[in-house]
Amino acid sequence: MNWDFIFKEWGMIPSKALVVFSPPIIGMELLGTMLGIFVGVTPGLTAVMGMALMLGFAFRIPMEWGLALLIAIYTGAIFSGGITATMMNIPGTPAAAATCLDGFPLAKMGKAREAIGAVTIASGIGELLGELFTLISLPFIFIIALKFGDWEVFLACMAGVLVCGSLAGKEVIKGWISGILGLLIAMVGMEEIWAYPRFAYHEVLIRGFNFVPALIGLFGISEVLVVLKEKVPYQLAGKPGRAIIPFGILKKNVKNIIRSAFVGIGIGCIPGIGESASCWVSYDLAYRTSKRKEDFGKGSFEGIIAAEVANNATSGGALIPTLVLGIPGSGPTAILLAALFIYGVRPGPMLMIERPGFVTFIVLLFWLSAIMIIFAGLLLSSYVIRLLSIRREIILPIATAMSILGAWGSGFTHFDIISAFAFGLVGYIMKVKAIPVAPMVLGILIGNIADTSLRRALLTYMNDPLAMLVRPIGIGLMILLFIMLFFSLKKKKGFGMS
Amino acid sequence: MGPGFLPLILGLVLIGLSGSLILRSVASNGQAGIVLLCRKIKEGVESRRFLIIAGWTAIYVALIGTIPFLLINFIYFFGIFLYLKVGRLLEVLLLSIGASLLVGLITPWIFDMPLP
């Protein structure tokens, strides 16, 4: 084990903390947190949409500022989705879906302020714990990842699609179909080894689908269509007021908090699944282990804490595949990945060697945003709730037009606009038919990596394919893959969204 | 290794998985549900609402680049706000002007981006 390498990274915490706590970065974090809270609170607007819209702006400012802005939008949105879930029984973002089950009943009982306090503190703690784990574990994981070859990268990609398909939806087969369709969409256009155009039936398809419009469409426009088709007006469950920290309840939930943080981190590590699944898994575990099962679904603080700690801790876990392999752990980390590429940072096993201190810097940015959401949640919650009084019939068409503009900004072609809208329609149909969107997004994101890695591995080991199959890490990943396949088929139905 | 290698494998897996879904659906007399679904779409208020909103957005997307961006945004917002009944005609007009200025002028100016 190369301990020098590990201590060098950890030793950079003080110097990077000085950069993170500088006025411009604090300013960007503040702006990002406010924007994130706005998109998180508004049903139909998601963290991905908010981040994608700000990508164009982020590229015009220094990298450190841009990353601070995007990370703050990410954490702000994931946190504030829980406020809408509590006050209106509608998840502000898909990650807050499990919070509705207990947040809304608590608000109806007149405990809205305590519930929002629990959401705020649980979110902050989840974020802090998730990133702490990432900071400690990432240097070790980078050392292991340095041993990855093309074959192992391909297997890791396949494991991601397989698990994502199994966990993200009610039915395993639908999840896998969604993932495979995503992989096939990624293969449209010029391939990277022979520069051969695949599925290029029209000249615009030679370039392939840009993934930012695809993400905007699948996560953003589809959500707008789902929300706008409903005519039922929003109603707040309680009066808006400043959040109260339920210290006694938090003290009783220490075990729940730690367990939920690990669930969030673990699910974040699996490419593509993200916070929308982790909240359900954590909620389910909290229910199974609780001594007061009868309170779940009727207003249990345990349930809120489990869901909110997990969905925020997921961002820490999601950073691991994103930074180590360049495979995004969730939708928002996919946008973060796109930003890193455009800033000239190439995530992968060599990242820590090429850019010492970069991982520490990213983790510190997440910590700063965790502090910001705690303060924003406690001090501004009553004002944030008032945002819910803005009619969605006004906000959402504007968000659609903004999304179209965001898609245009990703490549300045009319094809990106059309593909964003087309993916929006596809996403809508998938949501209506209970087909999970997350595996498709993951497929689109990693399709080219998987394809290039597999073919490069097969070309390298053309004369001796057995040598490729007996690589130790590869064997481990294949065993893992078969175990996952076995349990997915045995279970038939994923526990995620059910 | 040819560029069609992985798409071929994925295509075959997709056919297998989709086939199993179709077989399961046919086995449980799922085809009867298609008529029911079509009727539901035809009669449902939400489906009609979705079709109108999506259709109007499709027209907006198709016309971007052929009509000045500010104007097409105004037309889109005016139409959709009117359909969603966000207020009286004057309110709709003012909101549409404000929204189209935000999307078609202010945002591109802030981000210094060329218009479609």
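Biologist: What covers the buried residues of α3(B)?
Modeller: This is a predicted model, where local features need pLDDT of at least 70, side-chain atom pairs need 80 or more, and totals for chains, interfaces and linings use all residues. Residues are numbered from 1 along each chain as written, with chains lettered from A and ligands numbered from 1 in written order. Buried means 20 or more other C-beta atoms, placed from the backbone, within 10 Å of the residue's own, and a contact is two such C-beta atoms within 7 Å. The cover includes α4 (69–83) of chain B, plus, from chain A, α10 (211–228), α18 (392–411) and α19 (414–432).

Biologist: Which residues of α3(B) are buried, and what arc do they cover?
Modeller: Buried in this helix (a DSSP run of H or I, at least four residues) are B:Phe50, B:Ile53, B:Thr57, B:Tyr60 and B:Val61. They sit on the same side of α3(B), because their arc, taken from the directions from helix axis to C-beta atoms, is only 95 degrees.

Biologist: How far apart are the end C-alpha atoms of helix α3 of chain B?
Modeller: Residues 45–63 make 19 residues.

Biologist: What percentage of chain B's residues is buried?
Modeller: Its C-alpha atoms fill a box of roughly 55 × 50 × 20 Å along the principal axes. Of the 116 residues, the buried ones make up 22%.

Notes. Helices (H or I, at least four residues) and strands (E, at least two) are DSSP runs, numbered from the N terminus. The expected span of a helix is 1.5 Å times one less than its number of residues. A residue is buried if 20 or more other C-beta atoms lie within 10 Å of its own, exposed if 12 or fewer, and partly exposed in between; C-beta atoms are placed from the backbone.
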